[in-house]
Amino acid sequence: MNKQSHHQELPPDRLKNETLVIHADDEVTNDGTVAPAIYYSATFRAQDSAEFADMAGTPRHPRYYTRYGNPVHERVKKVMAELEGTETALVTGSGMGAIATTILALVSAGDHVIAQTRHYMSTAKIMDEMLPRFGVEVTLVEQADITAFEAAIRPNTKLIMVESPANPTLVVTDLAAVAELARSRGIIVVADNTFATPINQRPHDLGIDVVVHSATKYLGGHHDLTAGVICTSEELAERIWHTHISIGSVLSPMDAWLLLRGLRTLPMRVERINANALALAEFLEEQPQIERVYYPGLASHPQHELAKRQMRGFGGMIAFEIKGGYDATERFVSALKLSLNAVSLGGVDSLVVHTAAMWGGVMTEEQMRTAGIQPNFVRYSVGLEHIDDLKADLLQALQVV
Ligand SMILES: *Cc1c(COP(=O)(O)O)cnc(C)c1O
């Protein structure tokens, strides 16, 4: 993408992303290793009881007890805070650990929350089922309609949850506009930045208070770990951490180490995945067997202009509809050879999901239609394979539909 489309230039004196992911954590543990050491210890000893008292009484201490913190966590936190441009970060054992912990830390009975009609499924369940059980009211709004967010605000609104681009149709939320609505009213805005990654979108620059991630996806990038990250201010991180140690969504030191290894190549991977995805989206749009392609980087996406304003690249998630309905779509997905039929996204391998088949067991057809999932809907996570091979794979599978 060209420079004019950058919503906000990064400060010129800031190290570039490619450098930050390799060196931001150099000074975090002063132990002389080049590759990070894995501190595989659940607990850490004090020199004397005065030091022990200090460790026990210091929130987010990196060497007290691994549920509270761990030196490898510190490295991941440093890299992620630098990438997202926030004061600090927290790490959790999964993306849902990050999202659930953040929400439970920031709302109480009697509060009101605004969220989108479309969210990652387990986030939607927090809104639909969990929060109401604890006396928190939730209003779901159509994310493309900024006036819907404003209309939903009440005197007791505490938190707005956004996700952009969102599953499954890659609808985009105007992050700056939501942040603007919330700021003067003291409402905290939480953004799930999993699909975009901080390489393509920095929500905090647009005024978002808390940026959450499923690090299982692009940040880890190799389909081998589950992890979550919460990037925010020192003040909010401390509030969220107190809930975190009670919820206990702990990232294992090994997974933290794998995540760090994944982060070292994040900018390169995302750049290539952006290019692959745009090329595939354009290619799919030309195929006669395809009814419609959803990708924020296409001029045909209804919010392409907004996406260009707030994103530096459009990410690796594309969705499309196959002409011919459920059975044709099933044949197509089964005929793919390189693109593996598996959930999750954001790794080196391209993954494909026939969404209606995935939700068929848990949702009625009616519910799926409301969620925008047609029987012929395919979600595709573009990986790092060569673009020519991916195109050839899609092309041969389209012959059987
Ligand atoms: C996968 C995902 C999550 C949940 O993350 P886990 O690591 O699976 O717990 C949340 N939000 C989005 C957008 C996701 O893709």
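Me: Which atom of the ligand is 2.8 Å from an N or O atom in the side chain of Lys217, and how is a polar contact read?

Reply: A polar contact is a pair of N or O atoms within 3.5 Å; within protein, one must be able to donate a hydrogen and the other to accept it, and residues adjacent in sequence count only if both atoms are side-chain atoms. Here an oxygen atom of the ligand lies 2.8 Å from an N or O atom in the Lys217 side chain. The model is predicted: local features need pLDDT of at least 70, side-chain atom pairs count only at pLDDT 80 or more, and totals for chains, interfaces and linings use all residues. Residues are numbered from 1 along each chain as its sequence is written, and side-chain values use heavy atoms, with hydrogens and water left out.

Me: What does the ligand place 2.7 Å from an N or O atom in the side chain of Asp192, and what lies 2.8 Å from one in Ser214?

Reply: For Asp192 it is a nitrogen atom of the ligand; for Ser214 it is an oxygen atom. Taken alone the ligand exposes 380 Å², of which the protein buries 92% (accessible areas by the Shrake-Rupley method with a 1.4 Å probe; for residues, only the protein chains shown count as cover).

Me: How many residues surround the ligand, and which helix gives the most to the shell?

Reply: A residue is near a molecule or strand if one of its heavy atoms lies within 4 Å of it. The ligand is surrounded by 14 residues, the closest being Gly95, Asp192, Ser214, Thr216 and Lys217. Helix α4 (residues 95–106) gives the most, with three residues; helices (H or I, at least four residues) and strands (E, at least two) are DSSP runs, numbered from the N terminus.

Me: What is the order of the strands in the open sheet?

Reply: Two strands pair if DSSP finds at least two bridges between them. In this open sheet of five strands the order is β8-β9-β12-β11-β10, with mixed pairing. Strands β8 (290–294) and β10 (340–341) stand at the edges, each with a single partner strand, so one side of each is left without a neighbour in the sheet. Strands β9 (residues 317–322) and β12 (residues 377–381) run antiparallel and are joined by five bridges; Ala319 stands opposite Arg379 in β12.

Me: Which peptide bonds are cis, with omega near -10° or about -15°?

Reply: The bond from Ser164 to Pro165 is cis, with omega near -10°, and another cis bond joins Asn167 and Pro168, with omega about -15°. Pro165 lies in the loop between β4 (157–163) and α7 (175–183), and Pro168 is found in the loop between β4 and α7.
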